[in-house]
Amino acid sequence: MRSIWNGAISFGLVSIPIKLVNATESHSISFRQIHTEDGGRIRYRKFCELEDREVTQGEIGKGYEDADGTIIPITDEDLSSLPIPTAKTIEIVAFVPADRIDPLQMDAAYYLQASGAPAAKPYTLLREALKRSNKVAIAKFALRGRERLGMLRVVGDAIAMHGLLWPDEVRAPEGVAPDTNVTVRDKELDLADALMDTLGEVDLEDLHDEYREAVEEVIAAKAAGETPPQAPEPAAGGKVLDLMAALENSVRAARESRGEEAGDHAEVQSLPQRKTSRAAPKQTGGKKSTSTAKKTAAKKTTAAKKTTAKSAQGQKKTAAKSTAKSTAKKTTAKKSTPRKRSA
C-alpha cells in the first residue's frame, strides 16, 4: 500500500517511525460529464484571471484570501515547517476507554505501518500495551494543511488510527427528535423486541453494494446495445394506521424470510388482543385453574338452564295463544250460522 504521510509516533520519550496508509478504499462508480447532444467530454480548464490564459497544474499553488480581497501566497514549505510539534509527529496525549469516543466524531481510517527494522520493537510495544489495557490512544497530528485529532487502536497485528472530528465540529441534535408527547405501550415494545430477535445478527462480510451492481448491469447492457433491466414495480404502500399490526406483520415476514416454520409464530399470535386493554388473568397454580374452570362450567350450566326455561315458557305462551285463536274462530263460526225455522 502506498503511504500518504511519513512521520513518527511520539509515545512519551519513545519515538516510533511510521508510514500512514489509507485503511479504506472506495468502490463507487464514477461518471464523466458529457455533452448530451453529441457525447463529447466536458472538461474544466483553469485560467489565470490576470493573464487570461490557461495554466498548467505545475503553475498552480495555494493562497489565502484576506478580508480585503488580497491574496497571500502559502507554499508547501511554509506548511511543512509550521512551528507545532505535530507537523511530522503523531503525538499521543492520553489513553482512554474505547466507549469514551462518540462514533459521531469518527472520520477517515488509516493504518500505521512500521517504517524500517528499528521501528519494529517500539511499534510492537505500543500495540501490546493497547491490547492489555483495553484502551485506545488519543493523539494529535497534522495532515493536509490542518491539525487533527486521532484515535489509535489495535486491528489484528497492526495499529489503526481513526481521524476524529474536534468536539466543536459535532452538532448537537437540537430539533431532531419529535416535539410531541408519544406514549409507547409495553405490547408494542414486546413486538419490537421480537422483531429485533427475529432479524438477529448479520455477518458484515455477507453484505454488498447492490446499487453498484445494478449500475454495472445497466452499463453492461447499454454497452452491448441491449435494453437495461427495469426496476420492479414498487409495492403498494400507504400510511401505517395500526402500529401493532405493522409490527406483527414485520415479525411474521422476517421469520418467513429466514425459513422458520409456521409453529414459530406462536409467540406473536399468542399476544393479547388489541381490542381490549384488560390483561388475561394469570394462572399461578393448578388449583386456581380448576376452580376457575368449575366456576365457568357452573355459569354455563346456569345460563343453559335459564335459556331452556325461557324457551319452554315461550313455547307454552305460543301454544296458549294458538288455542285461544282457534277457540275464538269456532265461536265466531257458530254465531254466524243462521238457525232453521220450523214449519
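Modeller: Accessible areas come from the Shrake-Rupley method with a 1.4 Å probe, and for residues only the protein chains shown count as cover. Keep in mind it's a predicted model: local features need pLDDT of at least 70, side-chain atom pairs count only at pLDDT 80 or more, and totals for chains, interfaces and linings use all residues. Residues are numbered from 1 along each chain as its sequence is written, and side-chain values use heavy atoms, with hydrogens and water left out.

Colleague: Why is Arg-127 called buried?

Modeller: Buried means under 20% relative accessible area, exposed means over 50%, and partly exposed is in between (1.4 Å probe, protein chains only). Arg-127 has 14% relative accessibility, so it counts as buried. Across the chain, buried residues make up 17% of the 343 residues.

Colleague: Where is Arg-127 found, and what is it in contact with, leaving aside neighbours within four places in sequence?

Modeller: Arg-127 is found in helix 2, residues 120-133. Its contacts, with those neighbours left aside, are Val-154, Asp-157, Ala-158 and Ile-159; contact means heavy atoms within 4.5 Å.

Colleague: How many helices and strands does the chain have?

Modeller: 7 helices and 11 strands. Both are DSSP runs numbered from the N terminus: H or I with at least four residues for helices, E with at least two for strands.

Colleague: Is Asn-134 buried or exposed?

Modeller: Asn-134 has a relative accessible area of 62%, so it goes down as exposed. Asn-134 is in the loop between helix 2 and strand 9 (135-143), and its phi is near 55°, a positive value in a residue other than glycine.

Colleague: And what makes Asp-52 exposed?

Modeller: A relative accessible area of 62%. Asp-52 is in the loop between strand 3 and strand 4 (53-54), with phi near 55°, again positive in a residue other than glycine.

Colleague: Which residues gather in the patch of positive charge on the surface?

Modeller: Arg-32, Arg-41, Arg-43 and Arg-45. Patch residues have over 30% relative accessible area and no salt bridge, and like charges are joined within 9 Å. A salt bridge is a side-chain nitrogen of Lys or Arg within 4 Å of a carboxyl oxygen of Asp or Glu. Arg-43 has a relative accessible area of 58%, so it is exposed. Arg-43 is found in the loop between strand 2 (14-22) and strand 3 (47-48).

Terms used: Patch = residues over 30% accessible without salt bridge, like charges linked within 9 Å, V, L, I, M, F, W, Y side chains within 5 Å. Lys, Arg positive; Asp, Glu negative; His and termini not counted. Charge placed at Lys NZ, Arg CZ, Asp CG, Glu CD.
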